[in-house]
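Here are my notes from a look through this one, as promised. Have the viewer open while you read.

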Amino acid sequence: MRIAVVNNFFPPRVGGSAHMSASLAGEYVAAGHQVLAITAAYGDAPADEQRDGYRIVRLPAAKMPQLGLSIDFDLSFASLKPGNWRRLWKLLDEFKPDAVHLHGQFFDLSWLAGFYARRHKLPVLLTIHTLLISENKLYSRVFRMLDAVLVKPVLKYIRPRYVILDKLGVDYCVERYGTSDANSEYFPIAVDTGHFEKPVTKDVRAELELGDAPLIVSLGHVIPLRNRLPLIESLPAILERHPGVRVVIVGRVYHDAFLKRAEELGVADALVVTGAVPKEDVPAYFAAADIVTHDLNGGCGTASLEAMLSGTATIASVTEDNYPGIELRNGENILLVRPDDAAAVQETVLSLLDDPELRERIAQRESAMVRANFGLDVVAEEHLRVFTKMVADDDVLR
């Protein structure tokens, strides 16, 4: 098959969506298929390159201005640049895809490629990575309006088959886009197991001068949906029992409420904020950690699953039925807390710091669970099975 993979986010941009789309593209190639990846320009990344056996084309893009709002995020839109419609369609005409894999339901490149696919009667898979939700009532209303007025009509025209990653995504897509079992696949986030079999690239503890201090790592961009506040709120009690604990926050800070709260609680000295780090350095941060906790506002994303895979005790905040078909057992093969519950974070962290044997036992079970259910090879095989069926099914193309 010839598969076009389209995502505004793609490496060297960091983030779960970027890495997942690139990793799946690589797996498609390894399975004998041809891949064209189309994305938005980013930094000094080449406009056109061959990597990992496939071609990556980065279209010129306009960067969204940072307005100082709590929903600011590093977004780029290719549709705002003159000529990109023609560039994109020409690329697809030349590549002649049998199927299209879109990542992100509200990205303009997904829409443009989706229009092309619909016009040319090509089967489309659309992976839903990010949900347009917010605890802020104003933002929530705006997001609902955008979903209803813009996103849903576009998706109704494109008619993709949805790839939904977890229970929260299922509930969201049913409500916002009218999805059902008839037009959806429930695949979990794909984790590149091979990336964590390589030797670590650096000694994080030495570089950050942390010594042998108990270390909590929290890796991922700081945004309102992952604000780190439950972790900060739990720190006073944690530091009272384990005064040497350090917390390393890894990722771009788009929402700094956690820093202000740390100052108010007098725990700012326990924090180290690194900013974003290259993908190849991520295993080193997990290897240095005693505990990883990133998703505390509701979720268990790529960073948390990678941390579990690495063999580090990891705390997340989903329900045991979060991944359809995958059995999670709190305290056995995963560590779960209620969303936005600082007291639960405190209790779980202290139990792990107090009992290193328990921490190691659960960490190994988490690793085995992720490897068996979220491994990139396993998830890619499921995607390819669906692509094969869709390409062979004439009804999908009508």
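The points below go through the backbone, the sheets, the cores and the cavity in turn.

1. Before anything else, keep in mind that this is a predicted model. Everything that follows is computed from it, so to speak, "as drawn".

2. Strand 1 (residues 2-6) runs parallel to strand 2, with five bridges joining the two. How enclosed is strand 2 (residues 34-40) by the rest of the structure? Largely, because six of its seven residues are buried.

3. Next comes a hairpin. Strand 3 (residues 48-51) pairs with strand 4 in the antiparallel sense, over four bridges. Arg 51 has Tyr 54 of strand 4 as its bridge partner. Two residues sit between the strands of this hairpin, and Asp 52 there takes a positive phi near 55°.

4. Ile 56 deserves a click while you are in that area. This residue belongs to strand 4 (residues 54-59), and its relative accessible area is 0%. Since the cut-off for buried is under 20%, Ile 56 counts as buried. What does Ile 56 touch, once neighbours within four places in sequence are left aside? The contacts are Phe 10, Ala 37, Thr 39, Ala 47, Asp 48, Glu 49 and Arg 51. Ala 22 is 34 residues away from Ile 56 along the chain, with 9.7 Å between the two C-alpha atoms.

5. Most peptide bonds are trans, and most residues other than glycine have a negative phi. Against that background, look at the bond from Pro 11 to Pro 12, which is cis with omega near 15°. Pro 12 sits in the loop between strand 1 and helix 1.

6. Two loop residues other than glycine have a positive phi and are worth a look side by side. Arg 228 has phi near 70° and is found in the loop between strand 11 (215-219) and helix 7 (229-241). Asp 340 has phi near 60° and lies in the loop between strand 16 (335-336) and helix 11 (342-354). Are they buried or exposed? Arg 228 is buried, at 1% relative accessible area, while Asp 340 is partly exposed, at 39%.

7. Helix 5 (residues 167-177) has a run of buried residues: Gly 169, Val 170, Tyr 172, Cys 173, Arg 176 and Tyr 177. Their cover includes strand 8 (124-128), helix 4 (137-158) and strand 9 (161-164). Just past the end of helix 5, Gly 178 takes a positive phi of about 70°.

8. Further along there is an open sheet of six strands with parallel pairing, in the order 13-12-11-14-15-16. Its edge strands are strand 13 (271-275) and strand 16, each pairing on one side only. Strand 11 and strand 14 (residues 291-293) are joined by two bridges in the parallel sense. In that pairing, Val 217 has Val 292 of strand 14 as its bridge partner.

9. Val 217 also turns up in the nonpolar packing. The largest nonpolar core has 61 residues, and Tyr 54, Val 217 and Leu 305 have the most contacts inside it. Helix 13 (residues 376-392) gives this core its largest share, seven residues. Another core, of 40 residues, lies apart from it, with Val 100, Ala 117, Leu 122 and Tyr 139 among its members. Beyond four places in sequence, Val 217 touches Val 248, Val 250, Tyr 285, Ala 289, Ile 291, Val 292 and Thr 293.

10. Last, the cavity. How many cavities of 30 Å³ or more does the structure hold? One, and the space in the largest cavity is about 50 Å³. Its lining is made up of His 19, Met 20, Ser 23, Ala 190, Val 191, Asp 192, Lys 279, Thr 302 and Glu 306. By type, the lining divides into three nonpolar, three polar and three charged residues. Helix 1 (16-30) and helix 10 (302-309) each supply at least two of the lining residues, and helix 1 has the largest share, with three.

How values were computed. Residues are numbered from 1 along each chain as its sequence is written. This is a predicted model: local features need pLDDT of at least 70, side-chain atom pairs count only at pLDDT 80 or more; totals for chains, interfaces and linings use all residues. Side-chain values use heavy atoms; hydrogens and water are left out. On a 1 Å grid over the protein atoms alone, a cavity is a set of points where a 1.4 Å probe fits but cannot get out, and a pocket is an open set with protein on both sides within 12 Å along at least five of seven lines; lining residues have an atom within 4 Å of a point. Grid points are joined across faces, edges and corners, and a volume is the space filled by probe spheres set on the points. Ala, Val, Leu, Ile, Met, Phe, Trp, Tyr, Cys and Pro count as nonpolar, Asp, Glu, Lys and Arg as charged, and the others, Gly among them, as polar. A nonpolar core is a set of buried Ala, Val, Leu, Ile, Met, Phe, Trp, Tyr and Cys residues joined through side-chain atoms within 4.5 Å. Buried means under 20% relative accessible area, exposed over 50%, partly exposed in between (1.4 Å probe, protein chains only). Contact means heavy atoms within 4.5 Å. Two strands pair if DSSP finds at least two bridges between them.
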